[in-house]
Number of protein chains: 2
Amino acid sequence: MNTNPAHTQWMARLGMQHPIVQAPMAGTSTPQLAAAVSNAGGLGSVGIGAYGAEQAEQHIAQTHALARRAFNVNLFCHQTAAADAQREAAWLAHLAPEFERFGAMPPAALRSIYTSAVGNAPLQAMLLRQRPQVVSFHFGLPEAAFIAALRGAGITTLACATSLEEARQIEQAGVDVVVAQGMEAGGHRGCFDPEQDRLLSTLALVQILVRQTRLPVVAAGGIMDGTAIASALQLGACAVQMGTAFILCPESAASPAYRAELQSDKAYDTGITAAISGRPARGMVNRLHLLGRDYGPALPGYPMVYDAGKALHQAAAAQGSSDYAAHWAGQGAPLARAMPAADLVATLARELAQAAA
Amino acid sequence: MNTNPAHTQWMARLGMQHPIVQAPMAGTSTPQLAAAVSNAGGLGSVGIGAYGAEQAEQHIAQTHALARRAFNVNLFCHQTAAADAQREAAWLAHLAPEFERFGAMPPAALRSIYTSAVGNAPLQAMLLRQRPQVVSFHFGLPEAAFIAALRGAGITTLACATSLEEARQIEQAGVDVVVAQGMEAGGHRGCFDPEQDRLLSTLALVQILVRQTRLPVVAAGGIMDGTAIASALQLGACAVQMGTAFILCPESAASPAYRAELQSDKAYDTGITAAISGRPARGMVNRLHLLGRDYGPALPGYPMVYDAGKALHQAAAAQGSSDYAAHWAGQGAPLARAMPAADLVATLARELAQAAA
């Protein structure tokens, strides 16, 4: 068990009663979900990386209105890939027969649909206005002045690492806590540079970070119940981050199709693909996974590929198909349980107490 | 903690004092290593899949002579791939420039260098003669009569699973214990059919098997110290299997080059490739990993690819290069420690007791 007070004081400061962070899951998390988790004594999160400035601010304000305790706001800190008309056209041509299945046309070009938090002064100003108690970073780190401004405002910072190199950068940047994301985690791999991804598991990564950095480590990936939380704490993590476990909560934004798939045998079949968004991410295998597998050329970057995937999903969804839906899920997906978020946090806390006894 | 007596009685029956199985690691394990681990209260293992009948029998007899307690003999239960002259010639042509680097010629053809235990009557007869107390299966299961004969002789049986489907087959076959091998493990993936590999992590797989089978589960992959053992037991495993942790023991057959690499930064860079043997296996990335990565056609099967890889390694090794050596290692490799096997078992047991306290 991690009994290092330097590793748990950030949770005490935030008033967390349980060492459980609900993963941000942009597109699936909601103010209701985050608030329910925080109000139940965990740390709820909202992911705003997919929103424009105004929508992001509304989302945070709405969470403030519902949450009686601290919550976390997650930012995408990717380096936006350079536009590459040739790559984009080739990928759209590869997808053209799929659009055709639904009588639709591929878009003429791909847009960079998400703005990175890196160098994003309006986003920084908005966060200092809204003052969430916690801000977390995915896909990298923002510039030093951004981190300093958040910390200066008393905001606790978390950042995702998939390797020792990334964790060392996070430590040097003065971020408070590292989220150690194993390859079994659902959703986007947090790697700073996906080309360098060594796909470390939660078990291997947590062991290495606990022994080779001084940061408090939050274990993320494959953790589905209180027994697994106890196991991660035993390994030296100070807390866990769980995403897939919260998808079936009524407060999440998951569609009925997403929920049904997660409760089917498809939950046993997750895989990592960059063909949905342009960055590697784990979800239940769909047609885009397969289309990516047999595609020879390099994919356009993130988030341009996502623009194509979303257009294709919309064309299909209009005719009742979820063949291209981004149903992110981790390898523990078959163990997800459907219950209100507050009940789930209470259940996890009870299981953790039993396991630790 | 796993307190189900049905899950621990096999260890009590064998006289194991610690819930630690040393992984078989064909080529790296030795009678000395297995005996040292067993004599220290763990379960030592020898892997005989790479040996002919006579050498295998000598190996077991030698282990019997050194071990005062139960030890495990591991068998390869692969379906031998059909010969495919065209695939083999294409792969050899791809490797020809590599042979040329060392002034050598690729072999004219590839041989199936290892005999499977499946349907192997002489092997079965030899095991019933030698009577190791434990026999474990990798790459699948032998026929029912083989398993029944071993069990009839009072031999405890273990089998490796990488998925729920494989674990269910193991359970139905009446095997006593399942080894849940996560994707972080070093060496060969135990998948029955590598085409079906979903690369589950130890954490995800152990959780699923503990909840969805009745078998005692031995957690394998990424476990490097007593804290990690405690963590796996917390998750519901009855024991752990550790391989990479034992490579640096003086009793292992690891070469000086292998040991040096494992103690260098290369230990952070492991990957899974089929280009060394024909079946996916994890090791420190070498030139064969890279040669496999940029190779378009299908590889010849296992163990034909291994025949090519070994020939290339021999040509290179004769000139002092270990560019093609099969330096298997798991993702926890940077945490491996060099000490005699008995000291390592004692250290792990002490760390486990401290972690569990």
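Leaving aside neighbours within four places in sequence, A:Val218 is in contact (C-beta atoms, placed from the backbone, within 7 Å) with A:Val21, A:Leu158, A:Val177, A:Val179, A:Ala180, A:Ala237, A:Cys238, A:Ala239, A:Val240 and A:Gln241. The model is predicted: local features need pLDDT of at least 70, side-chain atom pairs count only at pLDDT 80 or more, and totals for chains, interfaces and linings use all residues. Residues are numbered from 1 along each chain as its sequence is written, while chains are lettered from A and ligands numbered from 1 in the order in which they are written.

**Nonpolar core**
- The largest nonpolar core has 244 residues, of which A:Val218, A:Val240, B:Val218 and B:Val240 touch the most other members.
- Such a core is a set of buried Ala, Val, Leu, Ile, Met, Phe, Trp, Tyr and Cys residues joined through C-beta atoms within 7 Å; buried means that 20 or more other C-beta atoms lie within 10 Å of a residue's own, against 12 or fewer for exposed and in between for partly exposed.

**Strand 8 of chain B**
- In strand 8 (residues 217-220) of chain B, B:Val217 and B:Ala219 point one way, B:Val218 and B:Ala220 point the other way, and all are buried.
- In a regular strand, side chains alternate between the two faces of the sheet.
- Strand 6 (residues 177-181) of chain B runs parallel to strand 8 of chain B and is joined to that strand by four bridges, with B:Ala180 opposite B:Ala219.
- Strand 9 (residues 239-242) of chain B also pairs with strand 8 of chain B in the parallel sense, over three bridges, and B:Gln241 stands opposite B:Ala220.
- Pairing requires at least two DSSP bridges between two strands; strands (E, at least two residues) and helices (H or I, at least four) are DSSP runs numbered from the N terminus.
- A right-handed β-α-β unit is made by strand 8, helix 9 (residues 226-234) and strand 9 of chain B; with the strands pointing away from the viewer, the path from the first strand over the helix to the second runs clockwise.

- The contact takes 29 residues from chain B and 29 residues from chain A.
- On the side of chain B that touches chain A, helix 8 (202-212) of chain B gives the most, with six residues.
- 100% of the interface residues of chain B are also interface residues in chain A, so the copies meet through the same surface.

Terms used:
Two residues are in contact if their C-beta atoms, placed from the backbone, lie within 7 Å.
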